[in-house]
Amino acid sequence: MITKAEIINQPYSGQYKERIYDITSPWNSQNWSWVKFEDEYFNEWCGEFRGSPRAVARSNKHKKVLVLTSDYLFQVDCVSEELTEYESQPQYQCLTVSPSGDFIISDYYSIEKIELTLNDKRKLESPIKMDLITFHGWSKNKLLIKCDEFLNWSKHVELELDGDTLEINIKYLI
């Protein structure tokens, strides 16, 4: 079972056992991302994913790894290590997993929680309209989010997402 997943630079040939996770499409870019996986026995291997790297997140709760690239949002099952679902040409920029194991994803303007499938997402309400959203990591059960207020790019805002209630609150106006 996959216990760790991290984006790495292209490995040297033969450094890891490699597995290609690719979708056939005429719209594919020529870019690739590499994710190093580790299982419970500390065995490591590398997955190759189509598109430039953006983020990777693993959930114990859902037993899934999500890999976000410029071309796709890939879902890999932690037990079988198989590609189980994907979304083409995602507009998403940020991906994380909450301390409780839920996947949180954002594009430039909104933040969503992924439910049971990649097609099943719930938009999280924000106290302001957001633009240029970026995630800046978890502190205990709070996700720090930085963004600009939509149509007011001189107003920079720090928000916090509560990992339990999934409520977004303003932390600071900059």
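Leaving aside its neighbours within four places in sequence, which residues is Ile111 in contact with? Some notes, starting there.

1. Ile111 is in contact with Ile104, Ile105, Ser106, Arg122, Lys123, Leu124, Met130, Ile133, Phe135, Ile145 and Ile168, once neighbours within four places in sequence are set aside. Contact here is heavy atoms within 4.5 Å. Bear in mind that this is a predicted model, where local features need pLDDT of at least 70, side-chain atom pairs count only at pLDDT 80 or more, and totals for chains, interfaces and linings use all residues. Residues are numbered from 1 along each chain as its sequence is written, and side-chain values use heavy atoms, without hydrogens or water.

2. The largest nonpolar core has 16 residues, and Ile111, Phe135, Ile145 and Leu161 touch the most other members. At least two residues of this core come from each of strand E13 (130–139), strand E14 (142–149) and strand E15 (152–162). Apart from it lies another core, of 13 residues, among them Ile2, Val35, Val65 and Cys78. (A nonpolar core is a set of buried Ala, Val, Leu, Ile, Met, Phe, Trp, Tyr and Cys residues joined through side-chain atoms within 4.5 Å; buried is under 20% relative accessible area, exposed over 50%, partly exposed in between, with a 1.4 Å probe and protein chains only.)

3. Have a look at Asp107, in the loop between strand E10 (103–106) and strand E11 (111–114). Strands are DSSP runs of at least two residues, numbered from the N terminus. Asp107 is buried yet has no salt bridge, and Lys123, the nearest side chain of opposite charge, is 7.8 Å away. For a salt bridge, a side-chain nitrogen of Lys or Arg must be within 4 Å of a carboxyl oxygen of Asp or Glu. The Asp107 side chain does reach two backbone nitrogens: that of Tyr109 at 2.8 Å and that of Ser110 at 2.7 Å.

4. Tyr109 also turns up in a ring pair. Its ring and that of Phe150 have centres 5.9 Å apart and planes at 85 degrees, so the pair is edge-to-face. The two residues are 41 apart, with Tyr109 in the loop between E10 and E11 and Phe150 in the loop between E14 and E15. Rings of Phe, Tyr and Trp (its six-membered ring) pair if their centres lie within 6.5 Å; planes under 30 degrees apart are stacked, over 60 edge-to-face, the rest tilted. Tyr109 is partly exposed at 46% relative accessibility, and Phe150 is partly exposed at 34%.

Definitions and conventions. Helices (H or I, at least four residues) and strands (E, at least two) are DSSP runs, numbered from the N terminus. Lys and Arg count as positive and Asp and Glu as negative; His and the chain ends are not counted. A polar contact is a pair of N or O atoms within 3.5 Å; within protein, one must be able to donate a hydrogen and the other to accept it, and residues adjacent in sequence count only if both atoms are side-chain atoms.
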